Amino acid sequence: MNNEKVSSFKESYDITLKIADKSASLVKRSFLYFIIAYIFQGLAFAFFFPLLNSIFTNDFNLNNTLFWFGIIAILSIVSFIFRWLASDFQYSKDIVQITHDLRNKLGEKIKTMPLQSLYKYRTGELNSILAQNVDESILHMGIVSGMFFEVAIVPIVIVIATFFIDPAMALALLIALPIAVPVYKWSRKKTKWDKTQGAKAHATLEADTVEYIQGLPVLRAVNQVGENAQNLQKSIGILREVQKKGLYASTLPMIIMNTLVEFVFLFVLALGSLWIANEEFTIGALLALLIILGRLSEPLANFLAVSGVLDIMEASFKHIKKLLDTKEFSIKEPKQKPTKFDIKFENVDFAYEGTNQTALKSLDIQIKDKSLTAIVGPSGSGKTTITKLIMRYDDPQNGIVKIGDIDIRNMEQTTLMSYISVVFQDVYLFDDTILNNIRMGKPNASDEEVLKASNAAFCHEFVSRLPNGYETKVGEIGGSLSGGERQRISIARAILKNAPIVILDEPTSALDTQSEVAVQNALDELIKDKTVIVIAHRLSTIAHADNILVIEDGKLKEKGTHQELFKKQGKYYSMFQAQQRVKEWNVKSTIE
Ligand SMILES: Nc1ncnc2c1ncn2[C@@H]1O[C@H](COP(=O)(O)OP(=O)(O)OP(=O)(O)O)[C@@H](O)[C@H]1O
């Protein structure tokens, strides 16, 4: 448990500046002001010795006393001004701006990073980085930095300044150091594990909760609600354990530190009394020493109480940095835009990260502009992977994917995606109005354009039956839209987008016959004059395709029209025959 490495202050400082990014100079300025403020405060404390000595002396001199009062007052005022200037950064809009910029930067990263890298994160994890970690790192930094500089600088300045006034007193002040430093280090080490684990446990709980709620309908269907609730319960239990340990870990060092301060107090009092008795020390000096010790004990205890926050910050920083460091797609120069929309795979090899199995092997395929191409093949043969690479899910390890003879790596991601519409089997509807759900295909579309697309996708009739028509919120009607209706909304989106390439992951395969006819009519509208790629599971639906690509084990096995492939009596033929047999068998068993 205690093997967690505590970062050095230099490491923490560097990562802080990296996170603050273009506001790094504000952070540096604030830190510098804190350092100046606490140097002045330390000096003010150190001058308590001459002040109290001049008060508790036999030959009291008012001018002398006022002089030291004046010096302390000036130092305190200067310290106050610099603390104010440093804190201005904490409480002013700067820190909120850094938090805002960081969230935007992370959001931009999520938007542009390869989907392959994105999918390694669980939804709840990203949630937790954007919402919780950003606040934990930046906002906490503002609060803790002042405390940290106070504890780190004031004692050092006091000891150094005292050394020039009275070396014996400086040594007396140092007696707490050999114990305080190890207690601090021990405390940091002890809380480190718990805080790191705490952040992890929070992120896991959040991810488990999101997944549990999202998967609830499926879990209910397979009667596994209780089983999965156990997982969620486990995450809750782990968080409780970590929090319990965390509290224990931070309380013990605090008690020890407070006790230590009290012992140092007693020790200095005893030593001071002895020196006074031997006339080696004045009452004033002893009083000054006790005042300084009393003044130091409070920030020391406070800092120890919040030093665990440094670990929380560090854990948050690490999560943020990992996300920021994720590789981005590099856009090759010169950036280009295609004028036609045929698609080519030239000798493409692709393996998913973390697997040693190639999903696509030396794949060469050509999809003609404004043609309908079907991709068929056994489950796991690589059909979906082909469509993912067209959308630049990730770059292939070898080979090139081209649209209109241009390497897609020469296109901006947004440009590339503007050329492609996708209709999946599962349609995701956002919790917004039906109108806005369709408008997503073209955010600046007028209401008229949206209605036209809706009509073309055969949505109008069922939308008119909804309580508030197009203004009905998807959340309000819950899951009451049928699969076919959801499909048609997604087709309306695609019609509105009017992209030259359309990818269909056989959207009708899960529908009943009536819905299938409606969706098919909508699709016919969508694919007019487009480069269309259909991932087909039921071969009977793609007999009319201009070209059929048969994929097996990540390679192109056959290509041609239905008639050509049928005549060839190869893989396609045997797949077709097998499906026909299943169909006949289904019909027979229904009749019987
Ligand atoms: N995210 C992923 N990580 C690792 N391997 C993956 C991932 N997605 C797919 N694969 C693997 O890549 C290979 C090709 O998968 P792909 O989804 O392209 O097949 P498919 O032909 O579309 O299958 P299906 O018809 O069942 O949808 C399979 O071996 C699959 O297990």
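Biologist: Which residues does glycine 570 touch, leaving aside those up to four places away in sequence?

Modeller: Glycine 570 touches Glu558 and Leu565 on that count. Bear in mind that this is a predicted model.

Biologist: Where is glycine 570 found?

Modeller: Look in the loop between helix H20 (562–568) and helix H21 (571–591). Glutamate 558 is 12 residues from glycine 570 in sequence, and their C-alpha atoms are 8.0 Å apart in space.

Biologist: Is glycine 570 buried, partly exposed or exposed?

Modeller: Count neighbours. A residue is buried with 20 or more other C-beta atoms within 10 Å, and exposed with 12 or fewer. Glycine 570 has 14, so this residue is partly exposed.

Biologist: How do I read the buried side of a helix? Which residues of H8 are buried?

Modeller: Start with the general idea. An α-helix has 3.6 residues a turn, so residues three or four places apart point the same way. Now take helix H8, residues 167–174. Met169, Ala172 and Leu173 are buried there. Seen down the axis of H8, these buried residues fall within an arc of 100 degrees, so they line one face of the helix.

Biologist: Which exposed residues sit on the face of H8 turned away from its buried side?

Modeller: That face carries Pro167 and Leu171.

Biologist: Next, cores. Which residues touch the most other members of the largest nonpolar core?

Modeller: In soluble globular proteins, nonpolar side chains tend to be buried together. Here the largest nonpolar core has 67 residues. Ala457, Ile491, Ala492, Ile495, Val502, Val534 and Ile548 touch the most other members. A second, separate core has 37 residues, including Phe48, Ala285, Ala288 and Leu289.

Biologist: What does isoleucine 548 touch, beyond residues up to four places away in sequence?

Modeller: Its contacts include Ala374, Val376, Ile542, Lys559, His562, Leu565 and Tyr572. Leu565 is also touched by glycine 570.

Biologist: Which residues surround the ligand?

Modeller: The shell includes Tyr352, Thr355, Ala359 and Gly377. Ser379, Gly380, Ser381, Gly382, Lys383, Thr384 and Thr385 are also in it. By class, two are nonpolar, eight polar and one charged. Helix H12, residues 383–390, gives the largest share, three residues.

Biologist: Which residues does UniProt list for "transmembrane region"?

Modeller: The unreviewed UniProt entry lists 31–53, 65–85, 138–163, 169–187 and 255–277. Compare such a record with the model. Residues 31–53 are 96% helix and 0% strand, with end C-alpha atoms 34 Å apart. Residues 138–163 are 100% helix and 0% strand, and their end C-alpha atoms lie 38 Å apart.

Technical notes. Residues numbered from 1 in each chain as written. Predicted model: local features only at pLDDT ≥ 70, side-chain atom pairs only at ≥ 80, totals over all residues. Near = placed C-beta within 6 Å. Helix = DSSP H or I, 4+ residues; strand = E, 2+ residues; numbered from the N terminus. Nonpolar A, V, L, I, M, F, W, Y, C, P; charged D, E, K, R; others polar. Arc of directions from axis to C-beta. Contact = placed C-beta atoms within 7 Å. Core = buried A, V, L, I, M, F, W, Y, C linked by C-beta atoms within 7 Å. UniProt positions renumbered as here; feature names shortened; annotations may be inferred.
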